[in-house]
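The sequence and the structure are shown first.

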Amino acid sequence: MADPVILEGLANMRMDLGNVKNDRPLATAAVALVGNWVGGRFSLTQTALTFTTNRMNAAFQKDSEPVVIGLDSLRSFGFGRMFFVLKTVDLDTQHGTYRLRCAPGKSVQLMEKLRALCPMGEFTG
């Protein structure tokens with residue numbers, strides 16, 4: 001049985017530029033300017049944060065499988081910045097770095113939940 005969801009909401013996750021389908025040149029050029037920010041939903045349980053790409057954004061990605069970040073793999077997490085204004089939630093794991101952009105209130109809620117769930121992770125914001 002799956003862990004109950006503690007927090008969920010809309011978010012964008014920054015994905016690798018190599019994941020963009022190259023059959024849409026205009027979209028690919030725009031993504032190259034701002035990064036491959038993929039829209040979808042996140043959900044947080046006691047053991048993992050999962051990001052699921054929405055259907056519209058999945059059409060522009062080579063791989064649109066859900067991204068599952070085990071909380072036991074977190075090394076540090078904190079607020080980051082995008083365009084010097086927007087806060088992001090940055091997660092550094094043993095498998096790579098992940099960046100989520102949520103609504104401001106949701107970013108704060110996510111960070112509070114992560115601090116409560118991940119005493120082993122270092123809060124950097």
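## Nonpolar core

The largest nonpolar core has 23 residues, and those with the most contacts inside it are M13, F51, L91, L100, L110 and L114. A nonpolar core is here a set of buried Ala, Val, Leu, Ile, Met, Phe, Trp, Tyr and Cys residues joined through side-chain atoms within 4.5 Å. Two or more residues of this core come from each of β1 (7-15), β2 (36-44), β3 (48-53), β4 (67-70), β5 (74-82), β6 (86-93), β7 (96-102) and α3 (104-117). The largest share, 4 residues, is given by β1. Helices (H or I, at least four residues) and strands (E, at least two) are DSSP runs, numbered from the N terminus.

Leaving aside neighbours within four places in sequence, F51 is in contact (heavy atoms within 4.5 Å) with A11, N12, M13, M15, V38, G39, G40, R41, F42, P66, V67 and L100. In soluble globular proteins, nonpolar side chains tend to be buried together.

## Basis and confidence

The model is predicted: local features need pLDDT of at least 70, side-chain atom pairs count only at pLDDT 80 or more, and totals for chains, interfaces and linings use all residues. Residues are numbered from 1 along each chain as its sequence is written, and side-chain values use heavy atoms, with hydrogens and water left out.

The mean pLDDT (the predictor's confidence in each residue, from 0 to 100) of the protein chain is 84, and 81% of its residues reach 70 or more. Among the elements of the chain, β3 has the highest mean pLDDT (96), whereas strand β8 (residues 122-123) has the lowest (58).

T50 is placed in strand β3 and is buried, with a relative accessible area of 18%. Buried means under 20% relative accessible area, exposed over 50%, and partly exposed in between (1.4 Å probe, protein chains only). Not counting residues up to four places away in sequence, T50 touches R41, F42, S43, P66, V67 and V68.

S43 belongs to strand β2 and also counts as buried, at 19% relative accessibility. Leaving aside neighbours within four places in sequence, S43 contacts V5, L7, E8, A48, L49 and T50. The C-alpha atoms of S43 and L7 are separated by 5.8 Å, although the two residues are 36 residues apart along the chain.

The charged end of K87 sits over the ring of F79, 4.4 Å from its centre. R101 lies over the face of W37, at 4.5 Å from the ring centre. A charge sits over a ring if NZ of Lys or CZ of Arg is within 6 Å of the ring centre and within 35 degrees of the ring normal.
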